[in-house]
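Here's a quick briefing to read alongside the model. Have the sequence and the 3D view open as you go.

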Amino acid sequence: MESIKPCNTYRARAAGKKTLKLPDGQSTFKVYFVDIVERRDPERFEWKLCGRSQEGFVDLLRKSGIEGVGFVIAFPHITKVFRYGPAMETVMNVSAFKTDGLVPLSLDRGEGYVEFACLAEAVIAADEYRFWAAAGSVEEYLTQWSDFDDGPVVDHAKLRRYWESVAPDSGTCGS
């Protein structure tokens, strides 16, 4: 495993919700706006400070060419589009974009792994998947929204401390 890099603190908060019906008349996405609060450079992580409107972002999404049924989780700096796969609708597919301009982003994180989700994305995705599984129709699915509101990560450095404390040369592991 590669060395553990320092990361920022994490506390996500819900910042709004909108339904996006696309011009094709079939594609519909629930859009969740999420902030990461209590960080340096809040204009990068909070919708009210980022200089873009949520409505403007929804218009950008409408023109982007996305299609299908699913949900979008939009932070001011990154957006993920989750849709139920056309090849296998019991599987959720995801694409990532830079929110500003919807420039595609790779979810590759090295060593053969891809990023799944931060806490807010994981909680919302779990709720959305349960809604999808339990719904008898797409229309029923689209009426249900995650109640995610606030998600703090208590300690954003525990993996690094753990990994360093049980390193084979520290005498605490592997002998």
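A quick word on exposure before the details: buried means under 20% relative accessible area, exposed means over 50%, and partly exposed is whatever falls in between. Val103 has a relative accessible area of 42%, so it counts as partly exposed. Keep in mind that this is a predicted model.

**Val103 and its surroundings**
- You'll find Val103 in strand 6, which covers residues 103–105.
- If you skip the neighbours within four places in sequence, Val103 is in contact with Ala96, Phe97 and Lys98.
- Ser165 sits 62 residues from Val103 in sequence, and their C-alpha atoms are 39 Å apart in space.

**How covered is strand 2?**
- Strand 2 spans residues 28–36, and nine of its nine residues are buried.
- That goes for both faces: one side has Thr28, Lys30, Tyr32, Val34 and Ile36, while the other has Phe29, Val31, Phe33 and Asp35, all of them buried.

**Who pairs with strand 2?**
- Strand 1 (residues 11–21) pairs with strand 2 in the antiparallel sense, over nine bridges.
- Within that pairing, Ala14 has Val34 of strand 2 as its bridge partner.
- The hairpin of strand 1 and strand 2 has six residues between the strands, and Gly25 takes a positive phi near 80 degrees there.
- Strand 3 (residues 69–74) runs parallel to strand 2, with six bridges joining the two.
- For Lys30, the bridge partner in strand 3 is Phe71.

Conventions
Residues numbered from 1 in each chain as written. Predicted model: local features only at pLDDT ≥ 70, side-chain atom pairs only at ≥ 80, totals over all residues. Heavy atoms only, no water. Helix = DSSP H or I, 4+ residues; strand = E, 2+ residues; numbered from the N terminus. Buried < 20%, exposed > 50% of the residue type's maximum accessible area, 1.4 Å probe, protein only. Contact = heavy atoms within 4.5 Å. Pairing = 2+ DSSP bridges.
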